[in-house]
Amino acid sequence: MVRDNMVRDDLRSRVKALLAATDPATTDRLDFLRARFDAGLAWANFPEGLGGLGLPRAFQPYVDQLLEAGGAPDNNPLRNGIGLGMAAPTILAFGTDEQKQRFLKPLWTGEEVWCQLFSEPGAGSDLAAVSTRAVRDGDSWVVNGQKVWTSAAHKARFAILLVRTDPNVSKHAGLSYFVCDMTDPGVDVRPLRQLTGEAEFNEVFLTDVRIPDFYRLGEEGQGWKVATATLMNERVAIGGAAAPREGGMIGVVAKTWRDRPELRTAELHDRLMMLWVEAEVARLTGQRLRQKLALGQPGPEGSTMKLTFARLAQQLSGLEVELLGEDGLRYSDWTMVRPDIVEFTGRDAGYRYLRAKGNSIEGGTSEILRNIVAERVLGLPAEPRTDKDIAWKDLPK
Amino acid sequence: MTSESTNSDLDELNLLYTDVEDSLRESVHDLLTARCTPERVVAAYDGDRDLQLGLWRSLSVDLGLAGLLVPQDRGGAGATAREAAVVLEELGRFVAPVPFITSAVVATTALLQGDDDETLGQLAAGGCTAALVVPFSASATSFRPTVRADDDGKLQGRVTSVVGALDADVLLVPVSTDAGVELHKVAASGAGVGVEPVVSLDMTRQLADIDFTGARSTQVTVAESGDAAVRDALELGAALLASEQLGVAQWCLDHTVSYLLDRKQFGRPVGGFQAIKHRLADLYVMVESAHAAARYAAATAADHDPDRRLAASVAQAYCSEVAVKAAEECVQLHGGIGMTWEHPAHLYLKRAKADQIAFGTAGAHRLRLGELVGLPVVPA
């Protein structure tokens, strides 16, 4: 506690110094964000020199609050969710010093948006089966294949990319992990319209895309290990953020309940309160999980948060459509748009209901997550793997 | 709202266990492992109450658990609801047939609001055991007294489905008077008190119906504080029962997983079939969540946090259902053996099902929560 207060005092003086040296009212937004990064106030948990101060992650909200109070702009984190939540921690963990210096700063400021080129039409839950090929050609690699479910691909400068560099070994062993420049002429991004009507995702076709070897993250053949680290971050990002009571979908439905007394029935009330209790317990479970992580008791428990999050989002959004009755029959807009920011709690009830269907699919299906919990937490036997010791090229496709 | 709560991340209530709580758990666990075996617990269903008395003496006197919630200057250990909750987790894990929650939590909490420090001291020392005379199903919001003082000041009335009364020397009786609810103390073996054992769904916590036919009593709280004493006691009962339910659920999960790793059919461990793995993964998520709910209820109660009533209702609404689900899954996933008298799964099922009704059902707590958080069932 005493130490926490000392850290907070220190953060206050650093924020003060930044605001004094770089007045946000008279400084260009990007210039201010760059100065903030250089002051170590971008992400507290990153190392010094890379936008952070090597502090526990829990101090960052405090910094954000101080800066917001000082009239400072933020880096619009929702616009670069993949970059901040997945690419950055992966670069930090596996990148060379040169790569960290090149990529992290413009990633954090939002100058360079990132996307993720992992899933393929033939590699969803079985991600290690990716067939996009990278073939070495001197100091670079030539990539051919097709990726799918890529949000922000149309505005991204870079991608994290999982490819097969060796088809002659087993599927997990032949993968490598790269940074892909999305401005390469061989990159073709096409919108993928989903059941909500909009195209939040893309298909990405890669044709003779040249990637310098400097853009490789981790060793050749270590791609699976790097990708696993990225995905763990994704699940923590999706299910593990601190939330206030009635944050997220429950807050939306509770507001409708409060605003529209004429819709209330006893039957809907009991269902609402069941979900209210579950949402509150999920919030406390997240709090407890973060306390465990802070004590260094980590584990695959992030998977459990995502399972709960997906189920509650679906049940709550479904309940709200019913609660709305006649209004639940209407839908705001089926026009194909490419949204800049996706908020699960945004737009109308019908949209939220439909969009929530993706919550139990994206970032690991709930079925795969149950396997992970059963095997890695409970120690139950793994699923039979018929493809484990066979070279990828010999697998039935 | 967002900034407020994220900022409080750094000084939020601890939902894990302190070292003191861990070592308390260990001593309770060791004692129960040695003494509270399923073979001895199940004997309660055939009328054998031998285990009860000796075990409670060891827990209350030797380990000093009876006085946990009593302040040191009133003869107790001066611990908090957090420690009592850890004890209840272990008692749940062993379906221990002891009157800890009835005497050391509920009756003691009611008595703490009065000035009968002699009885309180005896309770804390394990020299006597008490029970609050209300139906086990009563909650802080539903409770209504059914006993009155007659013209001679003697107690008249009947209270059904009381827990802990069969173990109690002292009965604490909420008495309805013109001025409000008074809390009275009577000797369980005194004249005009009839304690009738009831064949109960959960015989490890057997009910009694109690008739008062002119029993002499002593008032331990005045009318102004009697109602609050009873309701606070029931509130804490609900908050901490969640930890017992967590213990029940945890046992069911642990034993089901280990059984299914061992049990083979079709040449494979049954726990390797995905239909089973997914059910166990779901159950694990529920038990972990119950952990958070139960710890939050205990932590807010310990701190007299303004959130404690909400936390108690959240914990009951959630944990009571998880305990039942875990026990039902335990029976089902054990297959035939889970249906036998020999396997202890049924002890947990019966305890979990009875606990679902104790201190208010999940549905009753949800209704109350709706009021507490501004989500009422009917237009305001």
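Predicted model: local features only at pLDDT ≥ 70, side-chain atom pairs only at ≥ 80, totals over all residues.
Residues are numbered from 1 along each chain as its sequence is written, and chains are lettered from A and ligands numbered from 1 in the order in which they are written.

Start where the chains meet. Here 41 residues of chain A are in contact with 45 residues of chain B. Two residues are in contact if their C-beta atoms, placed from the backbone, lie within 7 Å. On the chain A side, the elements giving two or more residues are α3 (60-69), α7 (249-259), α8 (266-294), α9 (302-324) and α11 (366-377). Helices are DSSP runs of H or I with at least four residues, strands are runs of E with at least two, and both are numbered from the N terminus. α8(A) gives the largest share, 17 residues. By class, this side of chain A has 24 nonpolar, eight polar and nine charged residues. Ala, Val, Leu, Ile, Met, Phe, Trp, Tyr, Cys and Pro count as nonpolar, Asp, Glu, Lys and Arg as charged, and the others, Gly among them, as polar.

Next, look inside chain A. Its domain assignment gives domain 1 (1-74), domain 2 (114-221) and domain 3 (240-377). Such bounds come from an automatic or database domain assignment. The C-alpha centres of domains 2 and 3 of chain A lie 30 Å apart. Their contact takes 10 residues from domain 2 and 14 residues from domain 3.

Chain B is divided into domain 1 (2-128), domain 2 (147-223) and domain 3 (227-372). The C-alpha centres of domains 1 and 3 of chain B are separated by 18 Å. In chain B, 25 residues of domain 1 are in contact with 32 residues of domain 3. α5(B) gives the largest share of the domain 1 side, 10 residues.

Now take two helices of chain B. Helix α10 (residues 308-333) and helix α11 (residues 345-357) of chain B pack at about 155 degrees, with their axes 8 Å apart. Axes are lines fitted to C-alpha atoms, for helices over the stretch in contact, and angles run from 0 to 180 degrees between N-to-C directions. α10(B) and α11(B) are therefore roughly antiparallel, a term for angles over 145 degrees. The contact of α10(B) with α11(B) has nine nonpolar, two polar and three charged residues.

Finally, zoom in on single residues. B:Tyr296 sits in helix α9 (residues 274-302) of chain B. B:Tyr296 is buried, with 30 other C-beta atoms within 10 Å. Buried means 20 or more other C-beta atoms within 10 Å of a residue's own, exposed means 12 or fewer, and partly exposed is in between, with C-beta atoms placed from the backbone. Beyond its neighbours within four places in sequence, B:Tyr296 is in contact with A:Leu284, B:Leu13, B:Leu15, B:Ala311 and B:Ala315. B:Leu13 is 283 residues away along the chain, yet the two C-alpha atoms are separated by 7.5 Å.

Most residues other than glycine have a negative phi. A:Ala152 has a positive phi, near 65 degrees. A:Ala152 lies in the loop between β3 (140-148) and β4 (158-164) of chain A, and is buried, with 25 other C-beta atoms within 10 Å. B:Phe266 also has a positive phi, near 55 degrees. B:Phe266 counts as exposed, with 8 C-beta neighbours inside 10 Å.

How values were computed:
Parallel < 35°, antiparallel > 145°, perpendicular 65-115°, else oblique.
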